[in-house]
Amino acid sequence: ASIFQAVVNQTISGLACGKPIRGHVAFLGGPLYFLSELKAAFIRTLKLDEEHIIQTEHSHLFAAIGSALNAKEEVYYSMEEMTAKLSSDIKMEFEVERMEPLFADKEAYSAFRKRHCAHHVKTSALASYQGNCFLGIDAGSTTTKVALVAQDGSLLYSFYSNNDGSPLKTAIRSIQEIYRLLPEGARIVRSCSTGYGEALLKSAFLLDDGEVETVAHYYAAAFFDPSVDCILDIGGQDMKCIKIKNQTVDSVQLNEACSSGCGSFIETFAKSLNYSVEDFAKAALFAAHPIDLGTRCTVFMNSKVKQAQKEGAEVSDISAGLAYSVIKNALFKVIKVSDASELGKNIVVQGGTFYNDAVLRSFEKIAGCEAIRPDIAGIMGAFGAALIARERYEEGYATSMLTIGQINSLQFQTSMAKCKGCTNNCRLTINKFSGGRQFISGNRCERGLGKAKNENGVPNLFAYKLKRIFGYEPLEANAAKRGRVGIPRVLNMYENYPFWFTFFTRLGYQVVLSPLSNHNIYSLGIESIPSESECYPAKLAHGHVSWLIHQGVDFIFYPALFYERNEFEAANNHYNCPIVTSYSENIKNNVEEIGRGDVVLRNPFLSFRDIKTVTEALIKEFSELPAQEIIDAAAAAWEELDNARQDMKKKGEETLQYMEQNHKRGIVLAGRPYHADPEINHGIPELITSYGIAVLTEDSVSHLAEPERPLIVSDQWMYHSRLYAAASYVKTRDDLDLIQLNSFGCGLDAVTTDQVNDILSGSGKIYTCLKI
């Protein structure tokens, strides 16, 4: 049901482009014909009654029926002629560009196979082994991998299987098999888990260690090549590029929302052509004319494949083209290299997708290198976890792992629940094990675990800022002589609300602020969202404005603020980003009630360059009010805005002092003002504080340093200038790191990420960017 609702939301907000779906609606196409609950979800969301639903027979065939109705009667073929035409080869000029064959001939392929067969792990027979064993389990998104290694690092046992919906059951099956094979004199003395289900398996089996998968993969890669400096891992639904520096993980890049460069992408295409993945991969090896699919998403690649099929492309050409495409996506979309030589000199590739020789060959041709593909490429995470357990073992250590008898009798059940601790309503997965143990995941803070939020008292300046910016009490209705003004809690209001609250309160208005964001607020405005490519913070504005409309306020005030205050004299300028500047215009042009004149929206274009500039603009906008009242209200508002800014600086300095006195570390969670919205930041600040690390905002420390100029970018956006200054301060302290928050769809942040990375990396700090 949730998947169907997601499809509905995507369609309404993305395809309808802000134009509400009204009137009589026909539901056409295969999915809506065969999936009755999907159709029901559309009807429920659009609030359609029977009168406005057009019931059609054979709705899945409408395109074909329309095609038949448009047929020219003077042109016809018999069935025999049609069958003959469709069965013959199609010869057309190529419109889709072609690429070089993967292998010139079978001799080249044989040499390729011989070279890669050399990269194999030493194995030993488990049945005859005597001594300590070390267990590694990698619980991936779709598969579970298990490795058992000996004291010398040789592989005694390996396991690779689909999860079939339960990584726990799959892991139990493998452990039971190990114990059936384990001879007397061999014993598991230490164990380690990694991957998506690392914490779950560690909790279920009481494993000795858990390690993040990037480190586990490095251990495995270094086993094959100690000088490895780059690891490229392509799995079923994700890909990673791990850069190694001084035998330490230096940086990690992951694919984002799209999995078009992953194994499932090739598998889907293979199935659509009625091929197994293995046969589809083999077909690519000697393709004469691989089609060039570029680095595009699945939808566009489908259209290119169809065009190539019209031109008579063989399945082999399509398969080889997809192999090239997977690698191009990985290099140029995920890792974002301009030259493949930037990857490194000693590259290890792993993940199940690299078992495909066509994909591996594509990588070597595009990157211009000879990579190492271990023969256990698909279980490298588990192998690395086992090596970690081996390294951490000390003589006399007693493992905490459950015995095989306890594992055989282990009972567990999984349930879902919603945390009611705050407005995030986190979807919790609760795993209960025999013996009263349980493991909860999906929580964004301690409340999901039944604990007090931030019970360790570590400063969280995101929480402080949210209260400082919006913690004002509006006038009572009887004291509001001029009525009620609605202000949406969106975008630059997370910066300037102290000004607007003070301004309207001084003028005698009751300020009605929309509530904290949540998914229900988002759903309120989904019909008026004009583009799916907008960032989520912008989309939320539609819901907040709709909420205010339902409150019956006298008018909604949402200014178009193109200049912020100039906080950094050396900066090139101090603009707001185009979305923040103009989004009230978007609201004005797409919200029906505003367009019809049912609701008054006042959205003057303003500059916060200085008090004089903004006051003059407000006198012009509110010409119906006495000018002196506006001057006085604006002066008080400007002062309160500065007070809020100074309070953030003071709180930042207090937090730094707290860190020094209590020997704590801190993280500057840097982004834009609206990242303080819990719906947008997904509880990341609370997650960080749960580890005893203080959380600071970029504007709480940006006054403490100036970036070294010239920068590699034009410093013309005020919020960006804060990021650069905050990063410049972070690099001066050993107890401080920076994580940048970046909203999907934010084009301008492509500039900031490069600059912040340059500032931090140049000083030996690790740069981390979270796309949310």
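Biologist: Let's start with one side chain: is Glu-370 buried or exposed?
Modeller: Keep in mind that this is a predicted model, where local features need pLDDT of at least 70 and side-chain atom pairs count only at pLDDT 80 or more, while totals for chains, interfaces and linings use all residues. Residues are numbered from 1 along each chain as its sequence is written, and side-chain values use heavy atoms, with hydrogens and water left out. Buried means under 20% relative accessible area, exposed means over 50%, and partly exposed is in between (1.4 Å probe, protein chains only). Glu-370 has 59% relative accessibility, so the label is exposed.

Biologist: And which residue does Glu-370 meet in a salt bridge?
Modeller: A salt bridge here is a side-chain nitrogen of Lys or Arg within 4 Å of a carboxyl oxygen of Asp or Glu. For Glu-370 the N to O distance is 3.9 Å, and the partner is Arg-115.

Biologist: How many residues apart in sequence are the parts that Arg-115 and Glu-370 tie together?
Modeller: Arg-115 sits in helix α6 (residues 106-117), and Glu-370 sits in the loop between α14 (357-367) and α15 (380-392). Helices (H or I, at least four residues) and strands (E, at least two) are DSSP runs, numbered from the N terminus. The pair therefore ties together parts whose separation in residues is 255.

Biologist: Which residue forms a salt bridge with Asp-357?
Modeller: The closest N and O atoms of that pair are 2.8 Å apart, and the partner of Asp-357 is Arg-373. Asp-357 is in helix α14 and its partner is in the loop between α14 and α15, 16 residues away. Both members of the pair are buried, Asp-357 as well as Arg-373.

Biologist: Let's look at β15: is it largely enclosed, or open?
Modeller: Four of its five residues are buried. That's why, with the rest of the structure around it, β15 is largely enclosed.

Biologist: Which residue in β17 is the bridge partner of Gly-486?
Modeller: Two strands pair if DSSP finds at least two bridges between them. β15 runs parallel to β16 (residues 509-513), joined by five bridges, and Gly-486 stands opposite Val-512 there. β15 also pairs in the parallel sense with β17 (residues 555-557) over two bridges. In β17, the partner of Gly-486 is Ile-556.

Biologist: What is the distance between the centres of domain 2 and domain 5?
Modeller: Domain bounds come from an automatic or database domain assignment. That assignment gives, among others, domain 2 (126-225 + 381-409) and domain 5 (464-644). Taken over C-alpha atoms, their centres are separated by 56 Å.
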